[in-house]
Amino acid sequence: MSKEVMNVIFAFSFVFLFSIPMIRGQEIHGKMLSGLIISDSIPLEGAVITNLNSKLQAVSDHSGRFYLHANKGENLSFSASGLKTITELVNQNMLNSDPYTFYMEAAANELKEVIIKQYPEINAEKLGITKPGQVKFTPAERKLYSGSSGIVGLINLFSGELKTLKANVNVEKKENSLQKLDHLLEDKYYTQDLKIPAELIKGFKYYCIEDDEFVKTLRSKDRFVCMFLIIELASEYNRKRAEINE
């Protein structure tokens, strides 16, 4: 064997021997972790699992299973479309399990608040939800409408149910008016300016919504006229209360 060939063999052997530790160090990183990913009680396919320390990655299969080398104390990141990204710290229990189950939850889809009052021109008719000029019924009015038509209407008429349905419409209207009145004035205005005792404020409100003119004005949202009428009603209410107490 020539001297030149011997030198090549020696050089190759030298490089190979010093490369073994490097190769071994790259072959295995920690223990093989066996995992199972569950979302909404079913195995999750296509989740990406990343070892944040070694940068090794794995993807869960159709059965939600994955395998990834990891060491105790390392961090694993789990991500998938539409789900919350989670990070788990590897412990000995994970490494000893076959498989260890990880759970992922759906990401919350928060909608920005839409302030309709900024766009008064937008309504159900403009959006095509209802036809222009279509009559809009309240829940009680819908029941009255459906309960007063055809055979059902005749049955309700003779049974007295129709009368009850009409009464429910009136009660609903008064409740709606009362809600509007609740937002019109603060309690201290009733006690300080209208001289209505605090314990009688609610009774006075019911007294107001029995006045047809006041209710009509309340529905029109004319605050100025409402204030004028409620002062008159308060004066009348206090006078009647005084007469009863005499």
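Student: How many disulfides does the structure hold, then?

Tutor: The count is 0. Cys226 is in no disulfide either, with the sulfur of Cys208 as its nearest cysteine sulfur at 9.8 Å.

Student: Is Cys208 buried or exposed?

Tutor: Cys208 counts as buried because its relative accessibility is 0%. The cut-offs are under 20% relative accessible area for buried, over 50% for exposed, and partly exposed in between, using a 1.4 Å probe and protein chains only.

Student: And Cys226, buried or exposed?

Tutor: Cys226 has 2% relative accessibility, so it counts as buried.

Student: Before I go on, what kind of model is this?

Tutor: It's a predicted model, where local features need pLDDT of at least 70 and side-chain atom pairs count only at pLDDT 80 or more, while totals for chains, interfaces and linings use all residues. Residues are numbered from 1 along each chain as its sequence is written, and side-chain values use heavy atoms, with hydrogens and water left out.

Student: What's the average pLDDT of the protein chain?

Tutor: The average is 79, and 76% of the residues score at least 70; pLDDT is the predictor's confidence in each residue, from 0 to 100. A contact is heavy atoms within 4.5 Å.

Student: Switching topic: where does Ala107 lie?

Tutor: Ala107 is in the loop between β8 (100–103) and α3 (139–147). Helices (H or I, at least four residues) and strands (E, at least two) are DSSP runs, numbered from the N terminus.

Student: Which residues does Ala107 touch?

Tutor: Leaving out residues up to four places away in sequence, Ala107 touches Gly82, Leu83 and Lys84. Its C-alpha is 9.9 Å from that of Ala80, 27 residues apart along the chain. Ala107 is partly exposed, at 39% relative accessible area.

Student: And how many helices and strands in the protein chain?

Tutor: There are 9 helices and 8 strands. Of the 246 residues in the protein chain, 27% are buried.

Terms used. Disulfide = S-S within 2.5 Å.
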